[in-house]
Amino acid sequence: MENKKEKTTIVLFSGDYDKAMAAFIIANGAAAYDHEVTIFATFWGLNAFRKEQPILVKKGWLEKMFGWMMPRGAEKLSLSKMNFMGMGPKMIKHVMKKHNALTLPQLMEMAQEQGVKLVACTMTMDLLGLQKEELIDGLEYAGVAAYLGDATDAKVNLFI
Amino acid sequence: MENKKEKTTIVLFSGDYDKAMAAFIIANGAAAYDHEVTIFATFWGLNAFRKEQPILVKKGWLEKMFGWMMPRGAEKLSLSKMNFMGMGPKMIKHVMKKHNALTLPQLMEMAQEQGVKLVACTMTMDLLGLQKEELIDGLEYAGVAAYLGDATDAKVNLFI
Amino acid sequence: MENKKEKTTIVLFSGDYDKAMAAFIIANGAAAYDHEVTIFATFWGLNAFRKEQPILVKKGWLEKMFGWMMPRGAEKLSLSKMNFMGMGPKMIKHVMKKHNALTLPQLMEMAQEQGVKLVACTMTMDLLGLQKEELIDGLEYAGVAAYLGDATDAKVNLFI
């Protein structure tokens, strides 16, 4: 009898610090439970995967504008509630430090160490003008068909 | 042995252009995979199903106010992020055109052609004062019990 | 042959009145269908479980600030759309009354009567400085591992 692993998939649509935290906490928990976990980042969720430093790549002016306006990486995301022009994230990070909670970049690193599959949605990358060089290492690149392939086999499927 | 189709359900709660796009892209992908797909539109998600032109129906003043304030149809929805008073949707639609990506109304049309079941939540229609005449053709009308009937059989269930 | 109950789990991340309503309407529907239902409230979703009156508990100043700024209980939550500085919730509650729809506190009470398991996420309680005394009665307290245990067995898993 084959010993098939349970699967969990999360569509990370949101580019909010708190929602991305929830996504990675659930993903890491599921990986610790020995699930095969996929996080499929699409739309604003891709911003969590951006490198902090600007990368020189050729793009049109509209794509450049998106690049300027969107947060560069996990550390720059805002909160879905009580953002207060950036005060909220500072407060949250302060209490997280006090409670020794893992930051979003640390949660993402742990996910990669635990073998959580991080997928960047190629269709949205095209739309927002994000190129592979601008995203962190260790990602896979795929579209909605690959996501559905994973989700159809999974027990837990969330859209965050 | 019966050859039962996989099922996918999506609760479309959000009335944002980008989130509705994600919902219909996943729905169309699942339909292409031969899933039986249901989109159950509730609360602000119903706005995607409104006809563009105002329809004369009798309603109370509060329901009329909701009708005036809520966006009339898929083309009028705003973005969940970077809306910038309507600039964001224009920018997104511009890049979508450039990349030959399907617009939300086109994605919705494709969903109907592929047999995705589009359901309007009757309870929310009552609350927001939306009547059948004001919504696009080809919808089914049901409540949470019907949604749960579909979801319990489905492999992929998302709340968007 | 054992007669195992279907399971449904909902992560209530959002602290919006309308989204919490959707969560509890689905939860009550599933409970009526004889599902075992869990609502796992985390981050802003915990605000729906706060008592209305301030409770005297010892906490740091940052935790006190969160306590002041976050809405105290289900009745105080705002809308995810068309909040209009508090006008929106009043309008929604007005039409709900007119249509004899259950309010959020009533939906929550019904959920408890139907045996829906309401869980407060202990990790977020720590972060936001919320203590058991400040939350309504009848809750369970657990972390992501307990949520995943329920979700892995469930047919319907939603993140709201």
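In the predicted model, the interface between chains A and C involves 23 residues of chain A, which are in contact with 16 residues of chain C. On the chain A side, two or more residues are contributed by each of the elements α1 (17–32), α3 (87–98) and β5 (156–159) of chain A. Of these, α1(A) supplies the largest share, seven residues. The composition of this side by class is 14 nonpolar, four polar and five charged residues.

The interface between chains B and C places 16 residues of chain B in contact with 23 residues of chain C. Here the elements giving two or more residues to the chain B side are α2 (61–69), α5 (122–128), α6 (144–153) and β5 (156–159) of chain B. The largest share of that side, five residues, is provided by α6(B). Eleven nonpolar residues, four polar residues and one charged residue make up the side of chain B that touches chain C.

The arrangement of the copies was then examined. Any two copies of a chain are related by a rotation about an axis together with a shift along it.

Methods:
Residues numbered from 1 in each chain as written. Chains lettered and ligands numbered in written order. Predicted model: local features only at pLDDT ≥ 70, side-chain atom pairs only at ≥ 80, totals over all residues. Contact = placed C-beta atoms within 7 Å. Helix = DSSP H or I, 4+ residues; strand = E, 2+ residues; numbered from the N terminus. Nonpolar A, V, L, I, M, F, W, Y, C, P; charged D, E, K, R; others polar.
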